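User: I am new to reading protein structures and would like to learn how to look at one feature by feature. Could you take me through this one?

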Amino acid sequence: MKLVIAIIQPDRLEAVKAALADVEVFRLTVMDVQGFGRQRGHAEQYPGHDFASKLLRKVQLMIAVNEEFLEPTVNAILKGGKTGPSGQIGDGKIFILPLEDCIRIRTGERGPDAI
């Protein structure tokens with residue numbers, strides 16, 4: 001089992017969800033997050049002074065998958081998350097972590113069956 005964490009542009013969320021549905025991945029958690037990388041944030045102006053905000057709005061996806069769904073999930077996120085044919089700085093990142101256990105609260109199932 002793996003936990004896939006993806007940070008993407010907010011406007012790419014629907015495209016990523018559609019790409020995930022195409023590979024039969026329907027379970028995900030979506031969170032609004034803020035951060036920056038190579039984009040370095042942006043400057044904002046408030047009455048009286050300038051303020052450099054280093055945080056940009058992003059969307060974080062968390063998807064628990066069994067091994068056979070890992071590559072299709074990653075490929076779907078790559079397909080839906082890329083802006084334009086070659087992508088752009090700020091399109092995001094994908095992190096893959098080992099998932100030690102998963103427990104379905106309703107039934108008590110554990111492991112791959114709970115995903």
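Analyst: Let us begin with a term: a nonpolar core is a set of buried Ala, Val, Leu, Ile, Met, Phe, Trp, Tyr and Cys residues joined through side-chain atoms within 4.5 Å. Please keep in mind that this is a predicted model.

User: Which elements make up the protein chain, and in what order do they run from the N terminus on?

Analyst: The secondary structure comes to two helices and six strands, and from the N terminus on the elements run β-α-β-β-β-β-α-β.

User: How many residues has the largest nonpolar core, and which have the most contacts inside it?

Analyst: The general idea is that in soluble globular proteins nonpolar side chains tend to be buried together. Here the largest nonpolar core has 16 residues, and those with the most contacts inside it are V4, I8, V16, L20, L61, I63 and I77. Two or more residues of this core come from each of β1 (2-8), α1 (13-22), β5 (56-65) and α2 (67-81).

User: Which residues of α2 are buried, and where do they lie around the helix axis?

Analyst: In general, an α-helix has 3.6 residues a turn, so residues three or four places apart point the same way. The buried residues of α2 are L70, T73, V74, A76, I77, G80 and G81. Seen down the axis of α2, these buried residues fall within an arc of 165 degrees, so they line one face of the helix. They pack against β1, α1, β5 and β6 (92-98), whereas the face of α2 turned away from the buried side carries the exposed residues E68 and K79. As for its length, α2 has 15 residues and reaches 21 Å from its first C-alpha to its last, close to the 21 Å expected at 1.5 Å a residue.

User: What is the phi of E24, and is E24 buried or exposed?

Analyst: Most residues other than glycine have a negative phi. The phi of E24, however, is near 65 degrees, a positive value in a residue other than glycine. E24 is found in the loop between α1 and β2 (29-35), and E24 is exposed, with a relative accessible area of 57%.

User: What share of the residues in the protein chain is buried?

Analyst: Buried residues make up 33% of the 115 residues in the protein chain. The chain exposes about 7,800 Å², of which carbon and sulfur atoms supply 54%.

Key
Residues numbered from 1 in each chain as written. Predicted model: local features only at pLDDT ≥ 70, side-chain atom pairs only at ≥ 80, totals over all residues. Heavy atoms only, no water. Buried < 20%, exposed > 50% of the residue type's maximum accessible area, 1.4 Å probe, protein only. Helix = DSSP H or I, 4+ residues; strand = E, 2+ residues; numbered from the N terminus. Areas by Shrake-Rupley, 256 points an atom, 1.4 Å probe, with all protein chains shown as cover. Expected span 1.5 Å × (residues − 1). Arc of directions from axis to C-beta. Contact = heavy atoms within 4.5 Å.
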